[in-house]
Amino acid sequence: MYVMPQIMGLMDPFSDLFGWIMSKMMIWLGSYGLTVIVFTVLLMILSFPLGLKQKLNMLKQSALQDDINEIQRLYPKDMQTQNMLRMELLKKHGISQTAGCLPMLLQMLVFFSMWRPIQQPLHYIGRVSAENIENIRSFLVSNSWLAENINAKYIARNDIPIIDALSKNGQALYGAVENGWLELKQLVSLDFLGLDLGMRPTINPKLLFGADSWRTYLPLLILPILTLVTMIISMQLVKLEQPNRKSKEEREREKRNPAKAGQNPDPTAGMMKGMNYFFPVIMMFTVFSLPTAMGLFWVVRNLMMIAQSLFTYFAYHRPFQQKRAEQSATRSR
C-alpha cells in the first residue's frame, strides 16, 4: 500500500531534473508534445551504450557455452565448484554478471521519474512552486472555476485540472497572473496535433461514441493502440537478439537427430516469455491510468527500441549467429 509513494519519493530528485530539462526544451521547442518526444529520444540515446554493453556481454557468454558445458560435465554434482569455475571463466573474458541488471534498473528509474512531470507539468515543467499552485487552486475553487472536490491533496499529485481551468477561463488566468502566482510563459499548453495530452484515454463506450464527447476521446485511443503495436514489434525483434536462439540449420539437424535437441538451452527463454506478458500489461495500465502524454512517451520509447534492436541485430547478432552456424556445421561433419 505504501510502496508506490515511497518509490515515487525516492525518484523526486530525478523527476525534478527531468522537469528542469524539459522546461528548457519547452522554451526552445514551444510545444509540450515535441518536448516529450525529443526528451524521450535523448534518454534512449544516452542509455543505448549501456544496453549495447549488456547485449555484447550476452554474446561473449554464449561464445563460452562449450567451456561452460565442459565444466558441468567434469563436475556434474558439485554445484559450488561449477559456479566458482564459471565465475572465473567469465571474469577472465571480461564478462560482467551485473551488466544485465543495469539496463532494466535504468528503465525503471526513467519510468518512475517521468511519472511526476507527466502528471504535474505545471509544477515540474512550468516551474510553478507548489505554494503558488495551491494559491491558484484556492482562488479557482473560491470563484467556482474549479470543482471543490479537487482538493490540495489531489493537486499535489495532478495539477492538470489547474492548467485546464486557466486555459479555458481568461478571467481566472488574469487573476492568477495579477496576484503574482503565475507568469504567462509558465502555463503549459497540453494540445498536440489535435490531442489533449493532459486527458486520460478511455474505453468507456459512452465517452468514445457520445454525441458530444467522441471528438475528444476517440482520437486519444491512437496512442494506446500504437503503444501496444510498437511493443509487440519490439519484443519480436528482441527475440532475434537472443544469442542462443537456434538457427534454421540447427533446428533442421535436431529434427534429423533428436539427441541434439535440448543442447545449449537458452537460459533467458523463461524470463523473456514472462516479459512478453509483463511489459504490455504494465504499459497498457499506465497508458489508461495516466495522461495521454505517457502514451506518447511509450510510443517514442518503443520506436527507439525497435531502431536500436535492428542496429544491434544486423551489426552484431546476425554475424555471430552465422559464425556459430558455420562452426556447428563443421563439427557435425
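**Questions on a predicted model**

Biologist: Is F209 buried or exposed?
Modeller: The model is predicted, and F209 has a relative accessible area of 63%. A residue counts as exposed when that value is over 50%. Therefore F209 is exposed.

Biologist: Where is F209 found?
Modeller: Helix α12 covers 205-208, and α13 covers 214-217. F209 is found in the loop between α12 and α13.

Biologist: Which residues form a nonpolar patch on the surface, and with how much accessible area together?
Modeller: F209 belongs to this patch. W214 and L218 form the patch with F209. The accessible area of F209, W214 and L218 together is about 320 Å².

Biologist: Does Q120 count as buried or exposed?
Modeller: Q120 is found in the loop between α6 (101-119) and α7 (121-124). Buried means under 20% relative accessible area. Q120 has 7% relative accessibility, so Q120 counts as buried.

Biologist: Which residues does Q120 touch, not counting residues up to four places away in sequence?
Modeller: Residues up to four places away from Q120 in sequence are left out of this list. What remains is I125, I155, A156, R157, N158 and D159.

Biologist: Is α10 roughly parallel or roughly perpendicular to α11?
Modeller: The axes of α10 (residues 160-168) and α11 (residues 170-178) come within 5 Å and cross at roughly 110 degrees. Angles of 65 to 115 degrees count as roughly perpendicular. Therefore α10 is, relative to α11, roughly perpendicular.

Biologist: What is the phi of S144?
Modeller: Most residues other than glycine have a negative phi. S144 is not a glycine, although its phi is positive. S144 lies in the loop between α8 (130-142) and α9 (152-155). The phi of S144 is about 60 degrees.

Biologist: Does L193 count as buried or exposed?
Modeller: L193 is found in the loop between β1 (191-192) and β2 (195-196). Though not a glycine, L193 has a positive phi of about 55 degrees. At 75% relative accessibility, which is over the cut-off of 50%, L193 counts as exposed.

Biologist: How many helices and strands does the protein have, and what share of its residues count as buried?
Modeller: The secondary structure comes to 17 helices and 2 strands. The protein has 333 residues. The share of them that count as buried is 44%.

Notes:
Residues are numbered from 1 along each chain as its sequence is written. This is a predicted model: local features need pLDDT of at least 70, side-chain atom pairs count only at pLDDT 80 or more; totals for chains, interfaces and linings use all residues. Side-chain values use heavy atoms; hydrogens and water are left out. Helices (H or I, at least four residues) and strands (E, at least two) are DSSP runs, numbered from the N terminus. Buried means under 20% relative accessible area, exposed over 50%, partly exposed in between (1.4 Å probe, protein chains only). Contact means heavy atoms within 4.5 Å. Patches are made of residues with over 30% relative accessible area and no salt bridge: like charges are joined within 9 Å, nonpolar side chains (Val, Leu, Ile, Met, Phe, Trp, Tyr) within 5 Å. Accessible areas come from the Shrake-Rupley method with a 1.4 Å probe; for residues, only the protein chains shown count as cover. A salt bridge is a side-chain nitrogen of Lys or Arg within 4 Å of a carboxyl oxygen of Asp or Glu. Axes are lines fitted to C-alpha atoms, for helices over the stretch in contact, and angles run from 0 to 180 degrees between N-to-C directions. Angles under 35 degrees count as roughly parallel, over 145 as roughly antiparallel, 65 to 115 as roughly perpendicular and the rest as oblique.
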